Amino acid sequence: MVDSVQIIVLVTTYNRPELLEKRALKSISLQTGKFDAVVLVDNSDSEVTKKKNQEIFEGMFRDGTYLINERTPGAAGTWNHGLNWIHENYPDSWVAIIDDDDEWTPEHLKICKSKIDGNDAVISGIRTVLDGEPIDDRVPNSFTISDFFASNPGWQGSNTFIRINSIKKAGFFDESLLCTHDRDLAIRCLVNEDFKVTFSEKVTMLYHLEKKRESLTMTQGRGKHTGLLQFYCKHKKLMTGDDEKAFLKRSKELFGLDAGFFQITDTSMDYSGFPNIPEVNEKTLQFRLRKMIHTLKKFWWRYRVRKGITKVLGRQFTRTREKIEIDLTYACNLRCHDCNRSCRQAPDGVEIQLEKIQQFVDDSLDRSISWKKIRLLGGEPTLHSKFEDVLYEIGRYKFSHPRCRLEVVTNGYGRKVKRKLLNVPPFFHIENTMKDSDIQPQFYSFNVALKDKKGSQKIDFTNGCSNIEQCGIGLTPSGYYPCAIAGGIDRVTGWNLGRHGIPAEQDDMLDLLDEFCSYCGRFESRYFTPPELMPNSTPGVMSSSWEQIYDEWKARRTSQ
Ligand code: SF4
Ligand code: SF4
């Protein structure tokens, strides 16, 4: 019975061909026990590394299966890519998992296989090796769920020998977690009373740590903090009071994570975000009526902003005191046409300093400002060089304003951004616009300045637009503005008009609206216009003022 069981080895790798070859693959090749197939899933960043990995792998295992991870670009996604493949191709098999930098002793598979009868998983002992020196043996012989809340009692990826159907039933690895995947999997397996785990009670896996390598940085700093917060959010319901106390104590003492961050992980009472845009059937009479009403409103709004009418009715919009948008960086991995931060028209990597974020939080707390929403944008905000530090700094504000909604607004484009998004702690919401190209048909013509149009002298630009009420004031690398778009205009004009501190309560920032709105293509639409009501725009249209602004920006850049 045991002899007929298929054993499939699953290896995963990330950017380290040398370790893959000399540790994981070598130790697989030395196994004294038979296995039926070996699958390598490659999560490396560059094509060169992937090619190298494939050559090494196929050189050592001619019949091996080489796969490229197409799921979430983290450890869990890579394991799941392989597990799904194994489940499809070997649905009744057992899987032995190993990471590229770990090793098995030659008897590992043989010993695990001898223990499988009547079980769902066999967990072997682990030797931790730091910079080549063995420092600790963990040889578990029983587990309770509570053990996994305190720390990891000895169930890791590379000592997991498990029935493919059983790990599938548990839901595979959780791709939304940054780390602690093994503890999370163990808990999900153990909550199922039918799940049978046994132990080889022998050390057959070597877990290598190097002081300089990424494996250690994951046990320190913000990555570890975010992992702990995610784990806590997911499993706190299962924790007893003592489990929770021990978990929080260990997080503070071992990893320096302030207990306050755990208190803000429940975001269910946060102020609401922007509503989702509903699907619209453009053929209905209702839609045609809506479009007609919108056209009539636009006609009226054109008059509404005239100086005479503004004098009588007052300004159409007043900047909010409750919301703020912070442009963290002007670097962006997409260069969309008509980008209202000029990331395509005037690309630049300038970013806000962490100290300015600290100052913003301190000033907000000192002045008891109750922000309902703090949104982080760019550019692509995840590309800020201290992105995670910024998130934790802003998180500090939420300690005393727990309902404040914190948001990261991302284009969700590309592997690097997707990896960074895994690092967003759970006290933040993510608004992912999921862009997949530099053409955005629903964008307005940002670079058409109303001041270049006939009759613009009759317009009172201090009317602003709905952004100053709905989105918030702006904080950018150059200061505070009535909206973040104005700050983006200031970057390319080089006027440097931003306020140096959070604007005073009575400051409506009219001087800035008067200046920047006259250049901003958003002014004409007045309110946020849902995509179905947006007129078809031609990408890249630019009025004369903007041509001049970008010419001068380029000249300044070349002379620097
Ligand atoms: S993704 Fe956003 S910031 Fe980047 S270029 Fe496109 S519109 Fe601009
Ligand atoms: S018109 Fe442009 S610059 Fe003026 S408030 Fe609206 S978005 Fe900001």
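Colleague: Before we start, what should I know about the numbering and about how the predicted model was treated?
Modeller: Residues are numbered from 1 along each chain as its sequence is written, while chains are lettered from A and ligands numbered from 1 in the order in which they are written. Since this is a predicted model, local features need pLDDT of at least 70 and side-chain atom pairs count only at pLDDT 80 or more, whereas totals for chains, interfaces and linings use all residues.

Colleague: How many helices and strands are there?
Modeller: The protein has 20 helices and 15 strands, where helices (H or I, at least four residues) and strands (E, at least two) are DSSP runs numbered from the N terminus. Its C-alpha trace spans about 90 × 60 × 50 Å along the principal axes.

Colleague: And what share of the 560 residues is buried?
Modeller: Buried residues make up 40% of them, with a residue called buried if 20 or more other C-beta atoms lie within 10 Å of its own, exposed if 12 or fewer, and partly exposed in between, the C-beta atoms being placed from the backbone.

Colleague: Which residues touch the most other members of the largest nonpolar core?
Modeller: Those are Leu10, Val11, Val95 and Ala96, in a core of 117 residues; a nonpolar core is a set of buried Ala, Val, Leu, Ile, Met, Phe, Trp, Tyr and Cys residues joined through C-beta atoms within 7 Å. Apart from that core lies another, of five residues, among them Tyr330, Cys336, Cys339 and Cys343.

Colleague: Which residues come nearest to ligand 1?
Modeller: Cys332, Cys336, Cys339, Cys343 and Asn411 do, out of 13 residues around ligand 1, counting a residue as near if its C-beta atom, placed from the backbone, lies within 6 Å. By class, the shell around ligand 1 has five nonpolar, three polar and five charged residues, where Ala, Val, Leu, Ile, Met, Phe, Trp, Tyr, Cys and Pro count as nonpolar, Asp, Glu, Lys and Arg as charged, and the others, Gly among them, as polar.

Colleague: What about ligand 2, which residues are closest there?
Modeller: Cys465, Cys483, Cys517, Cys520 and Phe523 are the closest of the 14 residues that surround ligand 2. Two or more residues of that shell come from each of H17, helix H18 (484-493) and helix H19 (510-516), and the shell divides into eleven nonpolar, two polar and one charged.

Colleague: Why is H18 described as largely enclosed?
Modeller: Nine of the ten residues of H18 are buried, so the rest of the structure largely encloses this helix. Among the buried ones are Ile485, Ile489, Asp490 and Arg491, and just after H18, Gly494 takes a positive phi of about 75°.

Colleague: Where does Ser466 lie?
Modeller: Ser466 is in the loop between strand E13 (429-432) and helix H17 (467-470), and it counts as partly exposed because it has 16 C-beta neighbours inside 10 Å. Leaving out residues up to four places away in sequence, Ser466 touches Phe317, Arg526, Tyr527 and Phe528, contact being C-beta atoms, placed from the backbone, within 7 Å.

Colleague: Changing topic, at what angle do H14 and H15 pack?
Modeller: Helix H14 (residues 354-366) and helix H15 (residues 387-400) pack at about 5°, with their axes 9 Å apart. They are therefore roughly parallel to each other, a label for angles under 35 degrees. The residues of this contact divide into seven nonpolar, three polar and three charged.

Terms used. Axes fitted to C-alpha atoms, helices over the stretch in contact; angles between N-to-C directions. Parallel < 35°, antiparallel > 145°, perpendicular 65-115°, else oblique. Contact = placed C-beta atoms within 7 Å.
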